[in-house]
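Have the viewer open as you read.

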Amino acid sequence: MKYTIFFAALLFVLPMGVLMASYSRRIREIVFGLLLFGTAFTDWFDINFVDRWWYAGSTRGIEVSFVDFLALVLLFSTLLTMRREGARLFWPASLGLMLIFFGYGCFSVMTSDPKLFGLFELTKLVRGFVVFLTVAWYVRTKRDAYVLMFALGAVLIYEGGLSIWQRYIESIYRVRGTFPHENILGDYCILVAPVLLSCALFPLRPVTRIFFAAAWTSAAVAVILTIARMPAAVFVAASAGVAVTGLGFRLDPQRLAIALGLCILASALFYRGADRLLARQEAADQASVDSSGDELRSRHYAMGFEMAKHHPFGVGLNNWGWYTNEYAQRLGFWSGLPYASTSDPGEGNAGQAHTLYGLTLGELGWPGLAIFSALVARWLCLSGSLLFARPIDLWSRLGVGCFFGFLAEFVANGTEITFRNQQVLIIFNVLLGFVVAVRRARIMDTIRGRP
């Protein structure tokens, strides 16, 4: 039934949606808002083709979500109405390097064995490209920025409320919100919350600023209740960076009151969850002493290095799970049975990597890690350039929030691989497309001589 619904939506709903969105920009704004809000629900309303649910990888099938339909509707309608609305296509910043990484991924899939899991990951990269291009070409006005801010603020408030419900009503020890894993919820929050905090510190209407402050607070609550150690630490650091940038070092009484209020609120929130975070850390430390320490993050770096030593171009995109047992046994970490085949796991089992960079090194080798590192540096430079933008306006403040969100995400993924999950990858591409659109808007304003 679900496949019938999918193909019916592809053949009828998608063209109808494009026609309706092309008729009115207000309809496109609604689609944009739904796309943004839907980034937290991709795991609820999606469909997987050639599903391999048992595989220990970041992608276990050809995933398609309703967010992808919304992105296609917005992309095609934007392209169809550009000339009518006086807009132009442009080459988004960093797209060239992204295509190089994608091309290298294709090379990795073609030269590795098995190829199936790498194909899964390539389809997800394509989905990310579509979302990135859609947002980069669609966002043109500050009204679009407000749609983004309010939609993402609504998401964080919902996730914070749901997290409280899951902890205190359903008695879930580590909450996960609408996401398949608690660390994904934590990383979603560290990506989005700095953007909303930037809005709360910008001189907007008081009611609007209160809404954005409530969204940031809800994200903080959600992160605490996940009991995820790295997201909690980087959330505090990223929020502090946004606060210093937004308030500056020259504090007047109003700014001093805001700074003190943020410090008191953040301290109270994290003090409330500190006992569980410390208990989990103590348990992890004890496990590393009493057992073989299979889940120690440093050992995943060692496995990535070992894979790259024997396969300079990597074992293949998304093939970490396929080779995990072989290289773990070589390093003396643990023993297990390999998968029987790509269609049947047999008695095989494997563990996922717990570091994005060790994972990239093992799967794509040194060239792949170099390209990906260059991409990360490029993305941070794009958003970081808005730290020094003058004059200071809403565009630049949102860009600053994106910079600290990006930085927090890539620091957190030193011990996680959540960047490769579809939920985080999609919201990252949304924010990246927005940063590129902001940069383009400021360049065009400079060319036209606008302040």
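Take the contacts in the chain (heavy atoms within 4.5 Å) between residues at least 6 apart in sequence: 79% of them join residues at least 24 apart. This is a predicted model, where local features need pLDDT of at least 70, side-chain atom pairs count only at pLDDT 80 or more, and totals for chains, interfaces and linings use all residues. Residues are numbered from 1 along each chain as its sequence is written, and side-chain values use heavy atoms, with hydrogens and water left out.

The chain holds 15 helices and two strands; these are DSSP runs numbered from the N terminus, with helices being H or I of at least four residues and strands E of at least two. Of the 451 residues, 55% are buried. Buried means under 20% relative accessible area, exposed means over 50%, and partly exposed is in between, using a 1.4 Å probe and protein chains only. The accessible surface is about 19,700 Å², and 67% of that belongs to carbon and sulfur atoms; the areas come from the Shrake-Rupley method with a 1.4 Å probe, and for residues only the protein chains shown count as cover.

Now for the inside. A nonpolar core here is a set of buried Ala, Val, Leu, Ile, Met, Phe, Trp, Tyr and Cys residues joined through side-chain atoms within 4.5 Å. The largest one has 116 residues, and those with the most contacts inside it include Leu152, Leu156 and Tyr188. A second, separate core has 11 residues, among them Met303 and Tyr323.

Leu156 also turns up where two helices meet: H6 residues including Leu152 and Leu156 meet H7 residues including Tyr188 and Val192. Here are two helix pairs side by side. Axes are lines fitted to C-alpha atoms, for helices over the stretch in contact, and angles run from 0 to 180 degrees between N-to-C directions.

| Helix pair | Axis approach | Crossing angle |
|---|---|---|
| H6 (residues 142–168) and H7 (residues 182–201) | within 10 Å | roughly 130° |
| H4 (residues 95–111) and H13 (residues 356–384) | within 10 Å | roughly 165° |

That makes H4 roughly antiparallel to H13, while H6 and H7 are oblique to each other. Angles under 35 degrees count as roughly parallel, over 145 as roughly antiparallel, 65 to 115 as roughly perpendicular and the rest as oblique. The H4 and H13 crossing is left-handed, and H6 passes H7 in a left-handed crossing too; left-handed means the near helix is turned anticlockwise from the far one by less than a right angle, right-handed if clockwise.

Asn319 sits in the loop between H11 (297–310) and H12 (320–331), and at 0% relative accessibility it counts as buried. Leaving aside neighbours within four places in sequence, Asn319 contacts residues including Asp113, Pro114 and Glu363.

Two non-glycine residues have positive phi. Val50, with phi near 55°, is in the loop between strands S1 (46–49) and S2 (62–65) and is partly exposed at 42%. Ser171, with phi near 60°, is in the loop between H6 and H7 and counts as exposed at 59% relative accessibility.
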